[in-house]
Amino acid sequence: MTMSLCDDTLLCNFPKCRTKLNGFAWVTACSHVFCDQHGSGEFSRSPAICPACSSALSGKLDIVRTELSPSEDYKAMVLAGLRPDVVLDISARALAFWSYQVHQERMYQEYSLSRAEAQLKQMEKVLTQQNQSRELELSAMRGEIVSLKKVMEEYKRKYSEVSERLMERNRQYQKLQGLYDSLRLRNMVVGVGDRDTPPHPGHYDFSTGVVRQATPQKSPQFLSVNHAGDSRFFSCLEADGAKTFFQFSSPTRDKGRAFTKKH
Ligand SMILES: [Zn+2]
Ligand SMILES: [Zn+2]
């Protein structure tokens, strides 16, 4: 559009037309100019009103249809015979018209530019706000991740603690199971030797050293206190109790005595 001014071409002043003028143009006393289409359309009715500034154009020479590239003959004759001051006056008015148009166009361009800049600033503002809120969301999420990681670490720690304790309990259970089995075997052997009772449902296999049960006997449940016999052993399972229990009974020689005393 600025290019068109460099091209020395005016634009139609009809709202939103902005057609590059060539051939014939309609010029007004209020310093506006229109393309042939809009000029002939607007100025055919009377009273004529300028579509650009709403000035009433009632004078005989308020509206002139001008050929923009006049012929050599016309240029040779149009100002011929006029005094130099008149020629210069006419030229000065024509130049004033031109510079007004150029000025108007520059104002229009500056206005468009400032509007575009305002829109750009608004968009930048919106984008900055969006970025800020996303940044906030992101940092909130990061905080969440950190706290979740902490929770996870806590769970891991608890898990390893619990599994360590479980392994410890398992070891204790295995020891007690062994103890229980050997005690059961001992009692059985003692029972068979002392009394002349009918054969015990369990049978001691000397080759393997284990008691084969005729009816599968429930092995003592871990920490179970339901069975009176079991509870006697497993009541010792409290951490300290178990320790002293094992310290007390670890020598194989004492084991039997320790328990037989309890009977
Ligand atoms: Zn036009
Ligand atoms: Zn006007």
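Val27 stands opposite Val33 in strand E2. Strands here are DSSP runs of E, at least two residues long, and helices are runs of H or I, at least four long, both numbered from the N terminus. The model is predicted: local features need pLDDT of at least 70, side-chain atom pairs count only at pLDDT 80 or more, and totals for chains, interfaces and linings use all residues. Residues are numbered from 1 along each chain as its sequence is written, and chains are lettered from A and ligands numbered from 1 in the order in which they are written.

Start with strand E1. Three bridges join E1 to E2, and the two run antiparallel. Strands pair if DSSP finds at least two bridges between them. E1 and E2 form a hairpin with four residues between them. In that turn, Ser31 has a positive phi of about 70 degrees. E1 also pairs with strand E3 (residues 63–67), antiparallel over five bridges. There, Trp26 stands opposite Arg65.

Four of the five residues of E1 are buried, so E1 is largely enclosed by the rest of the structure. Buried means 20 or more other C-beta atoms within 10 Å of a residue's own; exposed means 12 or fewer, partly exposed in between, with C-beta atoms placed from the backbone.

The largest nonpolar core has twelve residues, among them Trp26, Val27, Val33 and Ile63. E1 (24–28) and E2 (33–35) are the elements that give two or more residues to this core. Such a core joins buried Ala, Val, Leu, Ile, Met, Phe, Trp, Tyr and Cys residues through C-beta atoms within 7 Å.

Overall, the protein has seven helices and five strands. Of its 263 residues, 9% count as buried.
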